[in-house]
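Work through these exercises with the structure open beside you. Try each task before you read its solution.

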Amino acid sequence: MEKIVELKNVSKVYKIGDNEFKALDNIDLSLNKGEMIVILGPSGAGKSTLLNLIGGMDTPTSGNVIIDGENISKYNENKLSDYRAENVGFIFQFYNILPSLTVKENVDIVKDIVKNRGEYRRCIKRRRTFRA
Ligand SMILES: Nc1ncnc2c1ncn2[C@@H]1O[C@H](COP(=O)(O)OP(=O)(O)O)[C@@H](O)[C@H]1O
Ligand SMILES: [Mg+2]
């Protein structure tokens, strides 16, 4: 089986003023291509922190996040941005849409970011009903 996601000794420490909070403590995770998993745990367990690291929205304090053989924990902001645009689909808990834009405009933003522009159209199922 081909590995697609691999986390090795990953820790994430949040600093709040002088205090440190270890949200992830030396996590190892290995997922094969095509595998579907559920990450389950009580509120505050570190689920969102883990997804943010896999999705390239945050970087680990230590350890390695390897996606399809590439160590994204070494990426700078620009490379992470490309990685997210080309590889990651993320449904946020609190939507993260721009309230000043219409639904169409919120979806259209993707056109400026993603190279494969054909894909974003599948997001809108009833495009004819939108008022620009
Ligand atoms: N940006 C942050 N700054 C400080 N602490 C954070 C931050 N994000 C998460 N935490 C803390 O890290 C822990 C794990 O949070 P989180 O990953 O959001 O858990 P879950 O998604 O499982 O509810 C919690 O104790 C939370 O308060
Ligand atoms: Mg969460």
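**Exercise 1. The shell around ligand 1**

List the residues that surround ligand 1, then sort them by element and by type.

Solution. This is a predicted model. Step one is the list. Ligand 1 is surrounded by Tyr 14, Ile 16, Phe 21, Ala 23, Gly 41, Ser 43, Gly 44, Ala 45, Gly 46, Lys 47, Ser 48 and Thr 49. Step two is the elements. Those that give two or more residues to this shell are β1 (3-16), β2 (19-32) and α1 (47-54). The most come from α1, which gives three residues. Step three is the type. The shell holds five nonpolar residues, six polar and one charged.

**Exercise 2. One shell residue**

Take Phe 21 and decide: is it buried or exposed?

Solution. Start with its place: Phe 21 lies in strand β2. Next, count neighbours. Phe 21 has 10 C-beta neighbours inside 10 Å. A residue is exposed if that count is 12 or fewer. Therefore Phe 21 counts as exposed. Last, look at its contacts. Beyond its neighbours within four places in sequence, Phe 21 is in contact with Val 13, Tyr 14 and Ile 16.

**Exercise 3. The order of elements**

Count the helices and strands, then write their pattern along the chain.

Solution. The count comes to three helices and four strands. Reading along the sequence gives β-β-α-β-β-α-α.

**Exercise 4. The sheet**

Find the order of the strands in the sheet, then check each pairing.

Solution. The sheet is open and has four strands, in the order β2-β1-β3-β4, with antiparallel pairing. Now find the edges. They are β2 and β4 (70-71), each of which pairs on one side only.

Go through the pairs one at a time:

- β1 and β2 run antiparallel and are joined by ten bridges. Lys 3 stands opposite Asn 32 in β2.
- β1 and β3 run antiparallel, with five bridges between them. Glu 6 stands opposite Ile 66 in β3.
- β3 (residues 62-67) and β4 are also antiparallel, joined by two bridges. The bridge partner of Ile 67 in β4 is Glu 70.

Finish with the turn. Two residues lie between the strands in the hairpin of β1 and β2, and Gly 17 there takes a positive phi near 65 degrees.

**Exercise 5. The core**

Which residues form the largest nonpolar core?

Solution. That core has eight residues: Leu 7, Val 10, Leu 24, Leu 50, Leu 53, Val 65, Ile 67 and Ile 72. Two or more of them come from each of β1, α1 and β3. Now zoom in on Leu 53. Leaving aside neighbours within four places in sequence, Leu 53 is in contact with Val 10, Lys 12, Asp 58, Pro 60 and Val 65. Then step back to the whole chain. Buried residues make up 10% of its 132 residues. Among contacts between residues at least 6 apart in sequence, 51% join residues at least 24 apart.

**Exercise 6. Confidence**

Which element has the lowest mean pLDDT, and which the highest?

Solution. Begin with the chain: its mean pLDDT is 88, and 87% of its residues reach 70 or more. Then compare elements. Helix α3 (residues 103-113) has the lowest mean, 80, and β3 the highest, 98. Keep one rule in mind: where pLDDT is low, the predicted coordinates should not be read in detail.

Definitions and conventions: Residues are numbered from 1 along each chain as its sequence is written. Chains are lettered from A and ligands numbered from 1 in the order in which they are written. This is a predicted model: local features need pLDDT of at least 70, side-chain atom pairs count only at pLDDT 80 or more; totals for chains, interfaces and linings use all residues. A residue is near a molecule or strand if its C-beta atom, placed from the backbone, lies within 6 Å of it. Ala, Val, Leu, Ile, Met, Phe, Trp, Tyr, Cys and Pro count as nonpolar, Asp, Glu, Lys and Arg as charged, and the others, Gly among them, as polar. A residue is buried if 20 or more other C-beta atoms lie within 10 Å of its own, exposed if 12 or fewer, and partly exposed in between; C-beta atoms are placed from the backbone. Two residues are in contact if their C-beta atoms, placed from the backbone, lie within 7 Å. Two strands pair if DSSP finds at least two bridges between them. A nonpolar core is a set of buried Ala, Val, Leu, Ile, Met, Phe, Trp, Tyr and Cys residues joined through C-beta atoms within 7 Å. pLDDT is the predictor's confidence in each residue, from 0 to 100.
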